[in-house]
Amino acid sequence: MVGAGPAGLASAAELGRRGIRALVLEQADAVGSSWRGRYDRLRLNSSRPFSNLPGARFARGTGMFPSRDDMVRYLEEYAALNGIDVRLGTRLERIDRGGRGWILRTSTGDVPADQVIVASGYEHTPYLPEWPGRERFQGRLLHSAEYRNATPFRGQDVLVVGPGCSGMEIAYELAENGAARVRLAVRTPPNIIVRSAIGPLLANAMLRLPTHRADGIMKRVREKELGDLTEYGLPQPEEGVFSRLKRLSVAPAIVDEEMIEAIKERRIEVVAGVEALDETAVELADGTRIEPDAVIAATGYRCGLEPLVGHLGVLHERGVPRAVLGEPAAPGLRFIGYVPRPAHLGHMGSEARRAAKAIVLETSGSRPAPELILAARRALSAGRA
Ligand SMILES: Cc1cc2nc3c(=O)[nH]c(=O)nc-3n(C[C@H](O)[C@H](O)[C@H](O)COP(=O)(O)OP(=O)(O)OC[C@H]3O[C@@H](n4cnc5c(N)ncnc54)[C@H](O)[C@@H]3O)c2cc1C
């Protein structure tokens, strides 16, 4: 197993429950390291009952939307409760075919394995667009992954780029906590959903409907909850929540109503997308030039899987695994946690369970070989004839 985040820990626990002891390789010095590094005010946008990993609830007294620190504590407890064997400080550098299965080349030496699950995170490598002039900008330019809280930006003019969950939340925190001016750069208007306890339940139900129907319902829900935000720079996008999720794996922005209030009150000003930077200014897509002190790019992540498995032919051109949801990408090689969707955390359990069941069958040898299945089918149809 590679990665001691929610996906890797859930996979190890599901294997353990079936009598297979997994070794989890983790580059950091503690489990849940992605969560430890996230911004201070972060709370889950998926509600607690839909964010559990298999077999363990959040501790009593945890709020409906657990905080970053609740999540870290939960992952620590989850690893301990399930007796998961995590080898910390071990970074996977590459996976090669070898022996009876795979050889994991790591920062602390080679590790052979018959079965490998890669769970190094869909949001692995912060992505900063190659804006022309980016390196000349004299103000502060940082990715949202580096943002912790609003304190360093008091009294500053800040441009947040990208209206996803993180961009919206960071812009709101800045506006509430003493930034002199906050603008939010929007290239493609986002789909927006208001954070609610039953949000994940609704999303799961919608995912079972035909996409255009689910999109239509979510459009009407948004109109009812938020009204028309066109005059504030956030029109309903042409492409609905689920079409965009399926086509581009882009999840909607899940926000609290007060963030939208801040936009309506122009405490957060929506501006056009970023085209280029120079020493002092940012040029926007509508030709405007603005001079923020700082630019915070909430511009997403990449999976960062190429160095690990790029040579194995298991990735799409977008760098995401071809086989997901517990299916093998190659015999004995699986990827868990690479299908972003609302309430992703809750869904990781079912991915992990599916992978664990398949691994049990493969390693116990109880799954009949394909040629045996074929022979049995032939014998059956001969018997019927
Ligand atoms: C800001 C933010 C907020 C989110 N909020 C929610 C939410 O509210 N609800 C929800 O359902 N989902 C949320 N998600 C999405 C997703 O559920 C989380 O990102 C979740 O942590 C993903 O779990 P994971 O185990 O796949 O990856 P991660 O949590 O990123 O864990 C991957 C682990 O692998 C380790 N690793 C990486 N590379 C290597 C390597 N080469 N060798 C060894 N170890 C390695 C990392 O150190 C890390 O510990 C959020 C994502 C982000 C970015």
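Helices (H or I, at least four residues) and strands (E, at least two) are taken here as DSSP runs, numbered from the N terminus. The model is a predicted one, so local features need pLDDT of at least 70 and side-chain atom pairs count only at pLDDT 80 or more, while totals for chains, interfaces and linings use all residues. Residues are numbered from 1 along each chain as its sequence is written, and side-chain values use heavy atoms, with hydrogens and water left out.

Three helices, α1 (6–17), α2 (33–36) and α10 (344–364), each give at least two residues to the shell around the ligand. There are 30 residues around the ligand, and those that come nearest are Glu26, Ser34, Asn45, Ser46 and Leu345; a residue is near a molecule or strand if one of its heavy atoms lies within 4 Å of it. Sorted by class, the shell holds 13 nonpolar, 13 polar and four charged residues. For this sorting, Ala, Val, Leu, Ile, Met, Phe, Trp, Tyr, Cys and Pro count as nonpolar, Asp, Glu, Lys and Arg as charged, and the others, Gly among them, as polar.

Glu26 has a side-chain N or O atom 2.6 Å from an oxygen atom of the ligand. For Trp35, a polar side-chain atom sits 2.8 Å from a ligand oxygen atom, and for Arg38 the corresponding distance is 3.2 Å. On its own the ligand would expose 970 Å², and the protein buries 94% of that (accessible areas come from the Shrake-Rupley method with a 1.4 Å probe; for residues, only the protein chains shown count as cover).

Next come the sheets. Two strands pair if DSSP finds at least two bridges between them.

Over in strand β3 sits Asp96, which is buried at 14% relative accessible area; buried means under 20%, exposed over 50%, and partly exposed in between (1.4 Å probe, protein chains only). The side chain of Asp96 makes a polar contact of 2.9 Å with that of Arg105 and another, of 3.2 Å, with that of His311.

A second open sheet has five strands in the order β8-β17-β9-β10-β13, and here the pairing is parallel. Its edge strands are β8 and β13 (269–272), each of which pairs on one side only. The twist in this sheet averages 25° from one strand to the next. Strand β10 (residues 181–186) runs parallel to β13, with four bridges joining the two, and Ala185 stands opposite Val271 in β13.

The loop between β8 (140–143) and β9 (157–161) holds Tyr147. Tyr147 and Tyr39 are 108 residues apart along the chain, yet their C-alpha atoms are separated by 6.0 Å.

Most residues other than glycine have a negative phi. Leu325, not a glycine, has a positive phi of about 55°. Leu325 is found in the loop between α9 (306–309) and β19 (328–330) and, at 25% relative accessibility, counts as partly exposed. Ala343 likewise has a positive phi, near 55°. Ala343 belongs to the loop between β20 (333–335) and α10, and is buried, with a relative accessible area of 11%.

Methods:
A polar contact is a pair of N or O atoms within 3.5 Å; within protein, one must be able to donate a hydrogen and the other to accept it, and residues adjacent in sequence count only if both atoms are side-chain atoms. Axes are lines fitted to C-alpha atoms, for helices over the stretch in contact, and angles run from 0 to 180 degrees between N-to-C directions.
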